[in-house]
Every structure is written in C-alpha cells, then in structure tokens.
Amino acid sequence: MACNKESISYAQIQSLIAIMKSRGYIVYKERNRLNIVGVRNPSPRPEKFDDNFYVFYKNDDNKWVGYKYTGTTDPSTSYLNKGGFEDSTSGTAIVPQGQYVDSYAIGKHNGKYDALRQVRPFCVYRDYNRDDILNFNVEDKVCGDFGINIHRAMAGGADDGNGNTENVGIYSAGCQVFNNYYCFQEFMELAGTHADLYGNSFTYTLLDKSLRNKFLVKRSILVAAVGVGVFLTIVGIKKLKK
C-alpha cells in the first residue's frame with residue numbers, strides 16, 4: 001500500500017523557507033538533511049487529524065523536494081477532557097510554536113516501534129480546564145522532557161484499509177502524530193537516510209496558525225475599542241463646545 005502524501009512545489013518550499021528565515025529558524029540545505037515542519041490548523045479540532053507535516057530537503061541532485069503529510073500537532077479530546085496523560089492536575093501538554101533544534105532522535109515510541117523521540121527538554125503550554133478546546137496562556141509554560149514524540153497512530157490498514165486512522169483518540173497526549181501508517185513508514189525511511197549521513201539528531205519546527213488568528217482577533221478588538229474611545233471623545237468635545 002502506498003502513502004497518500006502530496007508532493008509540494010518549489011514555490012511552496014521557498015515559502016516555508018521564507019517563513020522560517022523571518023523567524024530566525026535554521027533551514028538545512030545539505031543533501032538529504034531533513035527540514036521537518038508541523039503546521040497547526042488555524043481552527044484546531046483536537047479529535048481530528050487536521051494539521052500538516054511538511055518534510056523537505058535537497059536530493060542527491062541538489063534540488064529541493066518535499067512532501068505534505070496529514071497528522072495532528074494537538075492533544076486529543078480524550079486527554080484534554082481528563083486534564084493530561086496520567087495526572088489530571090498536571091494539565092494537558094500543548095507544543096508551542098517554535099523550533100526545537102536537535103531535540104529528537106530515532107528511538108522506540110513506548111518501547112514498541114521506531115519513531116522520533118524527544119531527547120532534549122523543551123517548554124510546553126498546559127491546558128487545565130478539561131474540555132475539548134485548546135486553552136492555554138502563552139505567558140505560562142513548563143519545561144522538561146515530557147516524551148513529546150513524533151510518531152504514528154494505528155498500524156497497518158487502520159480504519160479505512162488505506163492506513164488512515166480516523167480519530168486521534170488515544171494516540172496523542174501532546175505528541176506530533178501522523179495519521180497514515182504507510183506515510184509514517186516512508187518518513188522514517190527518510191529519517192534513516194538523514195541519520196546515516198548526519199547522525200541521529202533531528203530538528204522539529206512548529207508553525208501555529210491558530211495563534212495568528214488569536215492575535216488578529218485580539219488586535220481587532222483593541223482597534224475597535226480604540227475607535228469607540230476616539231468616537232466618544234469627539235462626541236464629548238462637540239458637546240462641550242455647544
């Protein structure tokens with residue numbers, strides 16, 4: 001069975017590179033060295049695989065190639081509702097937007113199969129209110145090694161016979177998860193080539209469109225409030241002149 005990935009164009013790769021460079025992130029240009037970029041949906045649905053992973057690199061001909069895979073960058077409703085993985089008082093982990101340099105290596109996920117395991121501590125948001133909406137304070141982070149791995153959902157044909165898992169369910173308490181088994185196997189083959197050439201160390205970058213939307217909403221509210229304030233001030237001045 002083949003992976004249902006999408007090839008991304010040179011223009012799309014350059015767009016991702018431009019975004020990464022604008023934020024001061026590293027872009028790897030060595031042949032077969034992977035750039036792994038997650039993009040969180042602007043309207044995240046924690047129970048659905050509605051995010052994307054972009055993997056791009058220069059091939060042996062020194063040309064950019066890249067692929068888009070489907071997955072999730074969010075914890076599922078199952079874990080959000082109970083407030084975390086094990087301890088309901090700890091809150092559910094949510095990976096913030098950012099670049100996690102050399103934070104991953106090939107290793108066993110839950111001791112079962114090869115995946116990219118978190119090998120360096122980094123900071124996460126916590127969602128404490130036990131509902132199915134991602135709620136977090138961008139000023140409040142906790143840091144450590146939380147086992148935020150990059151792995152897959154179900155094995156084999158999964159729910160539809162084509163390797164796809166329909167719902168996130170038990171497969172993410174904050175991890176970055178591919179929904180298609182065959183795509184994940186292909187991704188790990190690329191990771192193996194990378195590791196043979198550059199060592200068992202990988203950088204992961206997460207771009208969060210939902211944060212941009214939240215910022216735009218807050219800015220719109222602020223602009224509206226300022227506008228109302230200016231209008232009321234003008235009306236007050238006019239009344240005083242009468």
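This is a predicted model: local features need pLDDT of at least 70, side-chain atom pairs count only at pLDDT 80 or more; totals for chains, interfaces and linings use all residues.

On the face of helix 1 turned away from its buried side lie the exposed residues Ala11 and Ser22.

**Helix 1**

- Helix 1 comprises 13 residues (residues 10–22), which at 1.5 Å a residue should span 18 Å; the end C-alpha atoms are 18 Å apart, in agreement with that expectation.
- Ile13, Leu16, Ile17 and Met20 are the buried residues of helix 1.
- Viewed down the axis of helix 1, these buried residues fall within an arc of 100°, and therefore line one face of the helix.
- In general, an α-helix has 3.6 residues a turn, so residues three or four places apart point the same way.
- The cover over the buried residues of helix 1 includes strand 2 (35–40), strand 3 (51–58), strand 4 (64–72), strand 6 (98–109) and strand 12 (202–208).

**Largest pocket**

- The largest pocket holds about 590 Å³ of space.
- It is lined by 33 residues, of which Phe85, Asn110, Gly147, Ala173 and Cys175 are the closest to its centre.
- Two or more lining residues come from each of strand 5 (92–94), strand 6, strand 7 (113–118) and strand 10 (150–152).
- Strand 7 contributes the most to the lining of the largest pocket, with three residues.
- Divided by class, the lining of the largest pocket consists of 13 nonpolar, twelve polar and eight charged residues.

Definitions and conventions
Residues are numbered from 1 along each chain as its sequence is written. Side-chain values use heavy atoms; hydrogens and water are left out. Helices (H or I, at least four residues) and strands (E, at least two) are DSSP runs, numbered from the N terminus. The expected span of a helix is 1.5 Å times one less than its number of residues. Buried means under 20% relative accessible area, exposed over 50%, partly exposed in between (1.4 Å probe, protein chains only). The arc is that of the directions from the helix axis to the C-beta atoms. Contact means heavy atoms within 4.5 Å. On a 1 Å grid over the protein atoms alone, a cavity is a set of points where a 1.4 Å probe fits but cannot get out, and a pocket is an open set with protein on both sides within 12 Å along at least five of seven lines; lining residues have an atom within 4 Å of a point. Grid points are joined across faces, edges and corners, and a volume is the space filled by probe spheres set on the points. Ala, Val, Leu, Ile, Met, Phe, Trp, Tyr, Cys and Pro count as nonpolar, Asp, Glu, Lys and Arg as charged, and the others, Gly among them, as polar.
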